[in-house]
Amino acid sequence: MEQETGNITQVRQDETQLIHRILDGQTALFRQLVGRYAGQVLRMVGRLIPSPEEAEEATQDTLLEAFQSLARYDERKACFQTWLMRIAYHTALKHYRQRQKSVATVEMEQDWFNAIPDDEMDALLDNTAADHVALMEKAIALLKPDDQMLLSLYYFDNRPIKEIATIMEHDEGYFRSRLQWIRKKLAITIKTLENDEEE
């Protein structure tokens, strides 16, 4: 654990030195700085923007925005990676909204939300059968983009809630309760999709 903490500290120190050198005029070093995270940025924006060309464009927009905003980066507020992911998050949302003028989402009645027991919800969400996974993907696509990104960061990227709160600029308590809400919403949507297929 100490070695891991030491490695993180060393990476942050290296990045801070790189940033100072870039701001001092050695702009070619920016490629080295962001090269470490360009793949993560592409994966993140690609979850909201499935077109590879558009995802690549959003990634380039993210890196350009990071370069232009580098002087405003504050290492006391977040590490460089988290700061870059916050820019990627906002860029992905911007591209998503431009691409999807009207996004179909699912709204829930409160009594539906309270009607599904936790054990039934867990069973629906933990089912890994191929047909069920396909329904899960459909249900996730019906979520609002912010909720899709929260799921992506938490479950697929395994990012801690504290870091997600920094990236998505909200408090941790909100995201903890929001995750529970999204899980129920997904379970209800999956049940609805299953019923629709049976009819």
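Author: A salt bridge here is a side-chain nitrogen of Lys or Arg within 4 Å of a carboxyl oxygen of Asp or Glu. Side chains of opposite charge can pair when their charged atoms come close. The model is predicted, and a search through the whole of it gives eight salt bridges.

Start with Arg47 and Asp157, whose side chains form a salt bridge with an N to O distance of 2.9 Å. This pair joins distant parts of the chain, since the two residues are 110 residues apart. Arg47 belongs to helix α3 (residues 38-48), while Asp157 sits in the loop between α9 (145-156) and α10 (161-168). Arg47 is partly exposed, at a relative accessible area of 31%. Asp157 is also partly exposed, at 26% relative accessibility. The pair is part of a network of salt bridges that links Arg47, Asp157, Arg159 and Glu163.

Arg86 and Glu169 make another salt bridge, at 3.9 Å from N to O. Here too distant parts of the chain are linked: Arg86 is in helix α5 (residues 80-99) and Glu169 in the loop between α10 and α11 (172-198), 83 residues apart. Glu169 is partly exposed, with 46% relative accessibility.

Glu172 and Arg176 also form a salt bridge, and their closest N and O atoms are 3.5 Å apart. Both residues lie in helix α11, four residues apart, so about one helical turn separates them. Glu172 counts as partly exposed, at 31% relative accessibility.

Technical notes:
Residues numbered from 1 in each chain as written. Predicted model: local features only at pLDDT ≥ 70, side-chain atom pairs only at ≥ 80, totals over all residues. Heavy atoms only, no water. Buried < 20%, exposed > 50% of the residue type's maximum accessible area, 1.4 Å probe, protein only.
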